[in-house]
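User: Hello! I am new to this structure and would like to learn how to read its features. Could you walk me through them?

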Amino acid sequence: MASPFCCTTLVLSYVSIALVVTIFPTFGTGSTGLATTSELEMEAKALLHLGWWSWPGNDTRDRCRWEGISCNEAGSITRIDCSRRVAVSGSISPEIGAFSSLESLNLSHSALLGELPPSLGKLTLLEELDLSDNSIYGSIPLDWGNMKSLKQLDLSNNQIRGPIPPTLGNLTNLEQLDLSFNQITRAIPREIGNLKNLSELNLSKNKLNGSIPLSIFNLSRLSHFYLDSNLLEGPLPQEMENLKALSFLDLSNNKLIGPIPSQIGNCLVLEELYLSNNHITGSIPFEVFTCPPQTLDLSHNFIEGEIPHQFDNDLYFNILDLSHNNLTGMIPESLWASELNLSYNSLEGPIPEDFSYRFSSDSFWGNKYLFLCFLAFLGLGVLLFLRSRAKDKIPEPNVTKNGDLFSILNFDGRIAFEDIIEATNDFDIRYCIGTGGYGSVYRAQLPSGKIIALKKLHRREAEVLAFDKSFKNEAKILSEIRHKNIVKLHGFCLHNRCMFLIYEYMARGSLFCVLAYDNEAMELDWIKRVKIIKDTACALSYLHHDCHPPIVHRDISSNNILLNSNLEACVSDFGAARLIDPDSSNQTMLVGTYGYIAPGQVSKL
């Protein structure tokens with residue numbers, strides 16, 4: 001029989017155990033509750049530091065209802081979307097790292113300045129980060145490699161400098177990476193090849209150099225790959241064939257060398273391929289045309305040989321641009337395209353019959369042996385037609401004016417002249433949009449609806465030999481060159497009683513006029529101004545280095561830089577331009593506009 005002491009001890013033991021079981025869960029729950037409260041307080045303070053929302057008394061209790069904010073059931077912020085709505089400005093506070101539950105952060109199209117905060121690397125649950133279209137500068141922090149949950153990272157259209165940190169290779173869940181339109185330098189780190197889930201990689205419009213790391217070509221899920229407009233060098237890697245999911249590849253505007261690897265023909269789902277403006281040599285591989293992409297741009301390279309043509313079936317392209325190369329041989333009749341450019345090669349023989357009316361002659365310009373047969377038949381047809389009319393003395397018929405300016409100038413200049421006289425009401429002053437030193441510019445709308453610009457030489461100036469020579473010089477220069485940043489000449493009339501040039505219409509006028517008015521000048525932010533400078537530089541580079549012989553404009557000024565509706569720049573007014581003999585050093589004549597001539601040379605004018 002147990003003693004009363006033992007029974008009492010046993011009862012106390014059970015009571016103690018019960019108290020422990022009851023009290024400790026309470027302590028545990030209380031501890032968790034305190035931690036959650038602390039996190040919420042840190043988020044509230046972080047919101048005040050960010051300063052993007054304004055509420056009376058800095059009351060943040062209803063923050064989950066604020067515009068652009070979403071929370072989970074515990075009240076923690078999981079999503080911030082301030083793009084285009086909330087007035088976001090200034091720099092991103094380091095307090096942004098306090099939102100430990102944040103899964104999506106979108107601050108695009110805002111007015112953000114300053115550097116990228118390393119504290120964003122603390123957001124290990126973050127899946128989407130979009131800071132595009134701001135004015136953020138500085139470099140990408142190494143700590144960002146800790147955001148292991150990140151699937152989308154967009155830093156495009158900023159002013160980010162420095163290299164791509166190799167720690168970004170730790171973001172193995174990343175599906176989309178966009179660092180385009182920045183000033184990122186140095187080589188692409190090979191660690192980018194660790195991003196096995198990547199489907200879109202955009203590093204275009206930067207200052208990246210070195211070669212393309214081979215590790216990138218192991219990204220089997222990569223479908224869109226943009227590397228254009230950098231300073232990349234080296235050959236095109238044969239490992240391209242490993243990108244089985246690739247549908248879009250842009251390597252244009254770099255310094256890539258060597259031949260096009262035939263292995264690229266193994267990219268069976270490739271729809272668009274851009275390799276223009278590089279130093280690519282060799283011939284076009286047969287394999288590229290075996291399963292042709294919808295868009296193929298190999299222009300402005302040093303590609304030789306014939307266009308592949310040994311095919312049983314026709315080849316269909318949406319856009320095919322092989323211009324500005326050294327291609328030889330004939331144009332394959334099996335070639336079909338919605339847009340075609342074969343200009344500035346060494347192609348020969350007749351243009352296929354279908355091509356001659358489906359494409360303008362711009363598509364074949366600069367192939368001096370290509371038009372011989374075509375022009376012979378055309379000239380013969382015109383001659384027989386004129387003789388027939390003279391012989392039969394048939395009255396001149398009323399010809400329908402189709403407004404197709406290029407074909408009119410090729411077949412019947414008189415009809416084009418009548419179109420222009422009618423469109424300007426015989427050069428009525430109502431259609432005049434500007435006056436220059438020796439001519440006036442008119443705006444005209446042709447019957448087809450196409451708008452053109454006409455530069456007409458004043459009758460008095462037409463009698464002055466210098467003006468006449470300058471006008472004809474402009475017609476000659478522009479009829480022999482083609483560049484997207486040089487105003488396009490559609491045609492001209494050099495009759496001794498009426499001389500005019502026919503240009504594409506540039507809706508925004510000259511850069512001088514845009515800068516002269518505050519409202520229009522405000523529209524030209526620094527990004528647009530740099531783009532205008534780049535467009536002008538591209539045009540001058542083409543004139544100096546791609547034209548043979550080189551052409552010197554000799555009067556670049558804001559008056560002679562025209563802007564289209566998209567604020568894209570074109571160099572105009574080639575009246576003073578001159579062909580330069582590379583073997584001659586006798587370049588003594590000085591011309592130009594006051595304010596734009598080298599100061600040391602002004603006294604010579």
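User: Let's start with disulfides. How many does the structure hold?

Analyst: This is a predicted model, and it holds one disulfide. The partners are cysteine 64 and cysteine 71, with their sulfur atoms 2.1 Å apart.

User: Which hand does the disulfide of cysteine 64 and cysteine 71 have, and why?

Analyst: Look at the torsion about the S-S bond: here it is about -100 degrees, so the disulfide is left-handed.

User: Thanks! How should I read a nonpolar core?

Analyst: The general idea is that in soluble globular proteins, nonpolar side chains tend to be buried together. In this structure the largest nonpolar core has 93 residues, and those with the most contacts inside it are Leu129, Trp144, Phe225 and Phe289. Several elements each supply at least two residues of this core, among them helix 1 (4-50), strand 2 (77-81) and helix 2 (286-290). Domain 1 (38-48 + 60-232) and domain 2 (257-373) each give at least three residues to this core.

User: What is phenylalanine 289 in contact with, leaving aside its neighbours within four places in sequence?

Analyst: With those neighbours left aside, its contacts are Ile284, Leu296, Ile307, Pro308, Phe311, Leu315, Phe317 and Leu335. There is also a second, separate core of 20 residues, which includes Ala453, Val487, Leu543 and Ile551.

User: Now a loop, please. Where is arginine 190 found?

Analyst: Arginine 190 lies in the loop between strand 11 (185-187) and strand 12 (200-202). Its relative accessible area is 63%, so arginine 190 is exposed. Leaving aside neighbours within four places in sequence, arginine 190 is in contact with Pro213 and Ser215. Along the chain, arginine 190 and serine 215 are 25 residues apart, while their C-alpha atoms are separated by 5.9 Å.

User: And serine 363: is that residue buried or exposed?

Analyst: Serine 363 is also a loop residue, found between helix 3 (353-358) and helix 4 (372-392). With 7% relative accessibility, serine 363 counts as buried. Not counting residues up to four places away in sequence, serine 363 touches Leu340, Asn341, Leu342 and Ser343.

Terms used:
Residues are numbered from 1 along each chain as its sequence is written. This is a predicted model: local features need pLDDT of at least 70, side-chain atom pairs count only at pLDDT 80 or more; totals for chains, interfaces and linings use all residues. Side-chain values use heavy atoms; hydrogens and water are left out. A nonpolar core is a set of buried Ala, Val, Leu, Ile, Met, Phe, Trp, Tyr and Cys residues joined through side-chain atoms within 4.5 Å. Buried means under 20% relative accessible area, exposed over 50%, partly exposed in between (1.4 Å probe, protein chains only). Helices (H or I, at least four residues) and strands (E, at least two) are DSSP runs, numbered from the N terminus. Domain bounds come from an automatic or database domain assignment. Contact means heavy atoms within 4.5 Å. A disulfide is a pair of cysteine sulfur atoms within 2.5 Å.
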